[in-house]
Amino acid sequence: MAAEALYARSWVRTLGLAVTIVALFFLLWQSDESSEPVDAAALRGESEPDGFVVNGRYLSFDETGQLTAQFESPRIEQFEARNETIMESPNATLYGEPGNAPWQVQANKGQFMEADDLVHLTGDVRVSQQAAQGGRPLTLTTSTLTLDNAERTVYTDAPVELTDSFSLTRATGMKAWIDDRILELDSQVEGRYEPGK
């Protein structure tokens, strides 16, 4: 009886050892396969950026701690070799002097060129500022717009349309000096003024 119990334990040990070896072999075999989740490659994207942010939000403050800008994008990709950052559907709020309504900026795509301190916006670019006393907002629409941070200017060679509570102005090309609040329209300027009632 003792021999049978010893034999049964030996058989159980052998079976346990065999199961362990098979499980170990299976785990080692599985570890040779890519451990990167399939979704990670899709998340990185086809352009293979050096870095990327999903649902990014960027806040900028001045030296006194006042909020000057807020940028949001569902996807931001950075390419270090080109000193370039690409933003999908950028949406920005730019704050000016206290008491003035902020500017809202939207586009289909944004490209920040770090070396030149330029932001290029393309595809349904819309810049707007809410008018005082609930009037119609001042709005600029165009297909492409460049912001030169160093020169504090905004410009485009594309057709632009400016609207506010009383007027509609169309032109081809424009340049604006942000701090001086000066706007220069380049060519083919036409406008319509409708006085309030």
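**Close-up views of a predicted model**

**View 1. The largest nonpolar core.** Of the 15 residues in this core, those touching the most other members are Val105, Leu121, Val125, Val127, Leu140, Leu145 and Met174. A nonpolar core is a set of buried Ala, Val, Leu, Ile, Met, Phe, Trp, Tyr and Cys residues joined through side-chain atoms within 4.5 Å. Buried means under 20% relative accessible area, exposed over 50%, and partly exposed in between (1.4 Å probe, protein chains only). Two or more core residues come from each of β7 (118-129), β8 (138-148), β9 (153-163) and β10 (167-177). Strand β7 gives the most, with 4 residues. Strands here are DSSP runs (E, at least two residues), numbered from the N terminus. In soluble globular proteins, nonpolar side chains tend to be buried together.

The model is predicted: local features need pLDDT of at least 70, side-chain atom pairs count only at pLDDT 80 or more, and totals for chains, interfaces and linings use all residues. Residues are numbered from 1 along each chain as its sequence is written, and side-chain values use heavy atoms, with hydrogens and water left out.

**View 2. Surroundings of Val105.** Val105 belongs to the group of core residues that touch the most other members.

**View 3. Strand β3 and its neighbour β2.** Strand β3 spans residues 84-88. Of its 5 residues, 4 are buried, so the strand is largely enclosed by the rest of the structure. Strand β2 (residues 67-79) pairs with β3 in the antiparallel sense, over 5 bridges. Two strands pair if DSSP finds at least two bridges between them. Glu77 stands opposite Ile86 of β3. The two strands form a hairpin with 4 residues between them. In the turn, Asn83 has a positive phi of about 50 degrees.

View 4. Glu88 faces Lys109 of β6. Glu84 stands opposite Met113 of β6. Strand β6 in turn runs antiparallel to β7, joined by 5 bridges. Here Gly110 stands opposite Leu121 in β7. A hairpin is formed by β6 and β7, with 4 residues between them. Asp117 in this turn has a positive phi of about 55 degrees.

**View 5. Thr146, a buried residue in β8.** Thr146 lies in strand β8. At 8% relative accessibility, Thr146 counts as buried. Its side chain makes a polar contact of 3.0 Å with the side chain of His120. A polar contact is a pair of N or O atoms within 3.5 Å; within protein, one must be able to donate a hydrogen and the other to accept it, and residues adjacent in sequence count only if both atoms are side-chain atoms. Leaving aside neighbours within four places in sequence, Thr146 is in contact with Leu118, Val119, His120, Thr153, Val154 and Tyr155.

**View 6. The Tyr58–Phe71 ring pair.** The model has 2 aromatic pairs. Rings of Phe, Tyr and Trp (its six-membered ring) pair if their centres lie within 6.5 Å; planes under 30 degrees apart count as stacked, over 60 as edge-to-face and the rest as tilted. The rings of Tyr58 and Phe71 have centres 6.1 Å apart and planes at 45 degrees, so this pair is tilted. Tyr58 lies in strand β1 (residues 51-61) and Phe71 in β2, so the pair ties together parts 13 residues apart in sequence. Tyr58 is partly exposed, with a relative accessible area of 48%. Phe71 is partly exposed too, at 27%.

**View 7. The Phe166–Tyr193 ring pair.** The ring centres of Phe166 and Tyr193 are 6.3 Å apart and the planes lie at 45 degrees, so this pair is tilted. The pair links distant parts of the chain, 27 residues apart: Phe166 sits in the loop between β9 and β10, Tyr193 in strand β11. Strand β11 covers residues 182-193. The C-alpha atoms of Tyr193 and Phe166 are separated by 5.7 Å. Tyr193 counts as exposed, at 59% relative accessibility. Phe166 is partly exposed, with a relative accessible area of 38%. Beyond residues up to four places away in sequence, Tyr193 touches Phe166 and Ser167.

**View 8. Arginines over rings.** The charged end of Arg75 sits over the ring of Phe52, 4.7 Å from its centre. The charged end of Arg82 sits over the Phe79 ring, 4.2 Å from its centre. A charge sits over a ring if NZ of Lys or CZ of Arg is within 6 Å of the ring centre and within 35 degrees of the ring normal.

Key: Contact = heavy atoms within 4.5 Å.
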